[in-house]
Amino acid sequence: MIPEFGYGVLAVSFFVALYSVGAAVYGAQKKSLAMIESARRAMLLLFPLITISAATLIYLLVNDHYEVSFVYEVTSRSMPTYLKVTAWWGGQAGSLVFWSWLLSAFASAVTIRKWERDIEFLPWVIVVASLTAAFFLGLTVFYENPFMRFWSMNGSVEPSMFPPAGATLFTPQDGRGLNPLLRHPGMVIHPPMLYLGFVSFVIPYAFAIAALITGRTDDRWIRLTRRWTLWAWLFLSFGLVLGGRWAYDVLGWGGYWGWDPVEIAAFMPWLTGTAFLHSVMIQEKRGLLKQWNMILIILTYALVIFGTFLTRSGVLSSVHAFAESAIGPLFFAFIGLTFISSIALLIWRWPLLRAETEMKSMLSREALFLLNNLLFMSVLVVCFWGVVSPLMSELFTNQKITLGPPFYERATAPLFAGLMLLMGIAPLSAWGHSTIQTLGRALWKSALVAAAVTAVAYFTYTSNLIALIGFFLIAFVVLVTAQEFWRGARARQSAQHENFFVALTRLMGRNRRRYGGYIIHISMMMMAIGILGIEIFQAETQNTLKQGESLTLENYTITYREIASWDNNGAGVNYTRAVIDVQENGVYLGKLTPRIDYYFDSQQNMTIPGQRSTMRDDLYVLLVDWQPASADGATFKVFVNPLVNWLWVGSFAFLAGVLFAAWPDKDPAEERSHTRQVAKQPSAAD
Amino acid sequence: MQKTKFLFGGLLILAAVAYLIVSSTQASKEYFMTVNEVKAEGAAAVGKSIRLSGAVIGDTIQYDAQTLTLTFDVAHVSGDNAEIESQGGLAVVLKAAVADPSRQRVKVVYVGVKPDLLRSEAQAIMTGKLDAQGVFHADELLLKCPTKYEEAVPQQASN
């Protein structure tokens, strides 16, 4: 009964979503407020409905209902309860329900707000959100149903929602269990973070489409969704970082990012989203780039759906083949349809989206923002080309080629360097007009100090050219940004006769987006230090050691002491743990305990590194092989990853920066109209 | 005047990005190849970056734990997923490839730790280069075991 109930509620929510789309379109056509209100209520109903269905699924997961095929696939008796709950998004069918659930929550949050003067957007926002929800719900109702059960008939077992004639229910003793690689705290929160990011980008897209349809193409839709966009971007960014951290802790190859198609699929909407985040400021301040912003948000939406598909279609388990999942073509059809209709709408409204003024100077703030956008799009093109090149090469030449990490590194490095340079220059260029002279005057001191820092790095740390360029850019950006904080606070200090710190806090509080943005820039530079460190200076070695033998890498010496192996039958795992002593330049630092966990249910190993982490470098030791009863000893792989900790510390600074920028103001509407007027003045004077 | 300046700048960036993509593709592309294709190309395949896939022959696996040198042979399997599916799936195809002595084979050398998944009838996906003797030197070794990817339907016997 329980699976039928869950499925029934899911099916009802699918029809409610369809109704909501229909009622909203009808209401907008007939200008019937009652119909629009009905559509809004239907959409509000989606959240409780999907919540009930999801709760049913969680009930089945937690209570070992292995007759349900989804429960069988992602849980097992040995898994702790919290993992059984999070197994909800551990498989395709469940994660589609999860996606719909998040979307219904966000859509409800949007429609509950006061609409007043934006009421004409409402029906179209409902159409986009409900249509997207209906697509995902439809997938779960008709194709990837998480409530299907096993039925036994004539000696064979088939999963099906309703019992085939003459079949009896089949209940396996135990489930297959979640892939052990996914049983990690990072993996428990990484997918929901990414999904939060993905789903929240639907909201600005919905408003963009509403603006196109209603023809109200001023920047109102951007102002309404500015915070959504920031939150979406925050979740997506943090999801990416968590994924990297998970890879670093669990996958046991000493890295955090492998330019895998699935990673790129999550990275591509981040690129367009980041470009969007920057370019909307140009529209708000100068009334430029309106068409471009539409293109960016439409692209982001398409990439979000594409990313959901790639990360959830089982591509993970195959190395270079896309999974032949039944829902693949449906995803492509949905992406194609929404993309083409969005572009058609955009072309229809193209004349309305003309720029209000012209871009004049190549070095003005808006021109540099445009350049920033072009660079982000270039990275996107590189990523896209890398993903599709196997298909393209097969179509146009007879040979199938593939592009690995070296391609991405080589092609994106100059683009990222360009973005860093812009991060240093753009904050000091003026809206409207800047010249080489004004920019040079503002920048030369920072550039000089950055050059000095680079020289110090050259004499004390490295002669690697790429690293030195990187260090120069990092120092430059940090200095320019710090100078911005300093200048602003000093100006306020003398104008308002405040103490420096009071002036600084008030300054930042009054310009949250600007200074939040600067904090984000600095956090990006911290992350860049980590990335440069591990990419350029990573050292590795491996060897088989007998007990008491040592292995040296850089300053570190590790000595193999002992090994033990034991079963934890309750958790269904065998642990093998080695104990090693770590010395740095002959000084004893402590012990590390790299492990291999072997999961009985999935017959799979998980290699947990022993890590010693400092801001200078990480010592990362893997136990890769061991012989229980022989003198051969154990094989260790050792990495020294310089500076990588900056990546993780930087991500917390990043979080702080986005929160600072996105935190609600006391009276946002007033503040916004004020900044708009102030910003308008110089352009009027031009 | 302004327009042409911006247009020119945009074109310049476009050209730079195009150059970046083309040159990076040229410098780092790897060719997907099957064992048969490598054999057919012969000397022409020597020195190219190749991503080779094949079925691991269990009897040929040799591992020296002191030097971390691993050698084994792989037998030809099709690179076409549709073809693999039509022949009964990856597990069946790999089994057939190992059992058939007339299949083309390539000897593989890999220096590194022996992966747990390396066993007979595993699919090895390797990145590396072929030397003049026809031995494939793998820098990267990925293994896929069909047994790991069980059917979504449980065995009746497990009840």
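**Conventions.** I number residues from 1 along each chain as its sequence is written, with chains lettered from A and ligands numbered from 1 in the order in which they are written. Since the model is predicted, local features need pLDDT of at least 70 and side-chain atom pairs count only at pLDDT 80 or more, while totals for chains, interfaces and linings use all residues.

**Chain B, overall.** I counted 4 helices and 7 strands in chain B; helices (H or I, at least four residues) and strands (E, at least two) are DSSP runs, numbered from the N terminus. Along the sequence I read the pattern α-β-α-β-β-β-α-α-β-β-β. Chain B has 159 residues, of which 29% count as buried. For burial I take 20 or more other C-beta atoms within 10 Å of a residue's own as buried, 12 or fewer as exposed, and anything in between as partly exposed, with C-beta atoms placed from the backbone. Among contacts in chain B with a separation of 6 or more, 59% join residues 24 or more positions apart; a contact means C-beta atoms, placed from the backbone, within 7 Å.

**Interface of B with A.** I find 35 residues of chain B in contact with 44 residues of chain A. On the chain B side, the elements giving two or more residues are helix H1 (2-28), strand S1 (29-34) and strand S7 (135-144). H1(B) supplies the largest share, 12 residues. By class this side has 17 nonpolar, 10 polar and 8 charged residues. I count Ala, Val, Leu, Ile, Met, Phe, Trp, Tyr, Cys and Pro as nonpolar, Asp, Glu, Lys and Arg as charged, and the others, Gly among them, as polar.

**Strand pairing.** Strand S4 (residues 401-403) of chain A and S1(B) run antiparallel and are joined by 3 bridges; pairing requires at least two bridges found by DSSP. A:Leu403 stands opposite B:Lys29 there. Within chain A I noted an open sheet of 3 strands, in the order S2-S1-S3, with antiparallel pairing. Its edge strands are S2 (156-160) and S3 (168-169), each pairing on one side only. S1 (residues 149-153) of chain A pairs with S3(A) over 2 bridges, and A:Ser152 stands opposite A:Thr168.

**Helix pair H18/H19.** In chain A, the axes of H18 (residues 512-537) and H19 (residues 645-662) come within 7 Å and cross at roughly 170°. The axes are lines fitted to C-alpha atoms, for helices over the stretch in contact, and angles run from 0 to 180 degrees between N-to-C directions. H18(A) and H19(A) are therefore roughly antiparallel, the term for angles over 145 degrees. Their contact has 16 nonpolar, 9 polar and 2 charged residues.

**Cores.** The largest nonpolar core has 187 residues, and those with the most contacts inside it are A:Val125, A:Ala129, A:Ala206 and A:Phe207. Such a core is a set of buried Ala, Val, Leu, Ile, Met, Phe, Trp, Tyr and Cys residues joined through C-beta atoms within 7 Å. Helix H9 (residues 220-251) of chain A gives the most to this core, 17 residues. A second, separate core of 28 residues includes B:Leu52, B:Leu90, B:Val108 and B:Phe136.

**A:Ala467.** I located A:Ala467 in helix H16 (residues 465-496) of chain A. A:Ala467 counts as partly exposed because it has 19 C-beta neighbours inside 10 Å. Leaving aside neighbours within four places in sequence, A:Ala467 is in contact with A:Thr462, A:Leu532 and A:Ile536.

Notes. Angles under 35 degrees count as roughly parallel, over 145 as roughly antiparallel, 65 to 115 as roughly perpendicular and the rest as oblique. Two residues are in contact if their C-beta atoms, placed from the backbone, lie within 7 Å.
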